[in-house]
Amino acid sequence: HHRWRVGILIIDKDNYRVFFHNNLVSSIDLRENAEVLGVKIGMTPNQIKQILGEPYHEGMSWEWDDLYEMYYMINGIQITFYSYSPDSPTMSGLIKG
């Protein structure tokens, strides 16, 4: 399933939503059970740290009220995971360059 907006294409595929801007991927939303670098959405932040190590940043989100976030910077790409608390399972993620 995909949608066009002026200069933007959005493709929904399984547990991922890919956003294109001017024919380049601008971001990828990660939904439940989506996997990136051996980490699955639904894991807790501590489980993610066991796989990816300490994040670049973690704490309450500046963008989203009442959400805890942690993100990694890997080769210039930001990979963010969201949950309700440091101990609860992640519910979504975002990859952006």
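Biologist: Where do I start: how many helices and strands does the protein chain have?

Modeller: The model is predicted. The protein chain has one helix and ten strands. Their order along the sequence is β-β-β-β-β-β-α-β-β-β-β.

Biologist: What radius of gyration would a compact globule of 97 residues have, and what does the protein chain have?

Modeller: A compact globule with 97 residues would come out near 13 Å, and the protein chain has 14 Å, so the two agree. For the outline, the C-alpha trace spans about 40 × 30 × 25 Å along its principal axes.

Biologist: What share of the residues is buried?

Modeller: Buried residues make up 37% of the 97 in the protein chain. As for contacts, take those with a separation of 6 or more: residues 24 or more positions apart account for 25% of them.

Biologist: How should I read a nonpolar core, and which residues form the largest nonpolar core here?

Modeller: The general idea is that in soluble globular proteins, nonpolar side chains tend to be buried together. In this model the largest nonpolar core consists of eleven residues: Leu30, Ala34, Val36, Val39, Ile41, Ile48, Met70, Tyr72, Ile79, Phe81 and Ile95. Strand E8 (68-74) and strand E9 (77-83) each supply at least two residues of this core.

Biologist: Take valine 39 from that list: buried or exposed?

Modeller: Valine 39 has a relative accessible area of 1%, and because the cut-off for buried is under 20%, valine 39 counts as buried. Its place is in strand E6. Leaving aside neighbours within four places in sequence, valine 39 is in contact with Ala34, Ile48, Ile51, Leu52 and Phe81.

Biologist: And where is alanine 34 placed?

Modeller: Alanine 34 is in the loop between E4 and E5. With 1% relative accessibility, alanine 34 counts as buried. Beyond its neighbours within four places, it is in contact with Asn15, Tyr16, Val39, Lys40 and Ile41.

Biologist: Which residues does methionine 70 touch?

Modeller: Not counting residues up to four places away in sequence, methionine 70 touches Pro45, Ile48, Lys49, Pro55, His57, Glu58, Ile79, Thr80 and Phe81.

Biologist: For contrast, where is methionine 43 found?

Modeller: Methionine 43 is found in the loop between E6 and helix H1 (45-52). Its relative accessible area is 21%, so methionine 43 is partly exposed. Not counting residues up to four places away, methionine 43 touches Gly38, Ile48, Ile51, Pro89 and Thr90. Methionine 43 and serine 92 are 49 residues apart in sequence and 10 Å apart in space, C-alpha to C-alpha.

Biologist: What should I make of phi, and what is the phi of asparagine 33?

Modeller: Most residues other than glycine have a negative phi. Asparagine 33 has a positive phi of about 70°, although it is not a glycine. Asparagine 33 lies in the loop between E4 and strand E5 (35-36) and counts as partly exposed at 44% relative accessibility. Leucine 37 also has a positive phi, near 55°, and its place is in the loop between E5 and strand E6 (39-40).

Biologist: How is a pocket found, and what volume does the largest pocket have?

Modeller: Rolling a probe the size of a water molecule over the atoms shows where empty space is left. The largest pocket has a volume of about 200 Å³. Its lining is Asp29, Leu30, Glu63, Trp64, Leu67, Tyr82, Ser92, Gly93, Leu94 and Lys96.

Biologist: Which element gives the most to that lining?

Modeller: E10 gives the most, with four residues. Strand E4 (24-30) and strand E10 (92-96) each supply at least two. By class, the lining of the largest pocket has five nonpolar, two polar and three charged residues.

Key
Residues numbered from 1 in each chain as written. Predicted model: local features only at pLDDT ≥ 70, side-chain atom pairs only at ≥ 80, totals over all residues. Heavy atoms only, no water. 1 Å grid on protein atoms, 1.4 Å probe; cavity = no way out; pocket = protein on both sides within 12 Å on 5 of 7 lines; lining within 4 Å. Points joined across faces, edges and corners; volume = space filled by probe spheres on them. Nonpolar A, V, L, I, M, F, W, Y, C, P; charged D, E, K, R; others polar. Core = buried A, V, L, I, M, F, W, Y, C linked by side-chain atoms within 4.5 Å. Buried < 20%, exposed > 50% of the residue type's maximum accessible area, 1.4 Å probe, protein only. Contact = heavy atoms within 4.5 Å. Rg over C-alpha atoms; globule rule 2.2 N^0.38 Å.
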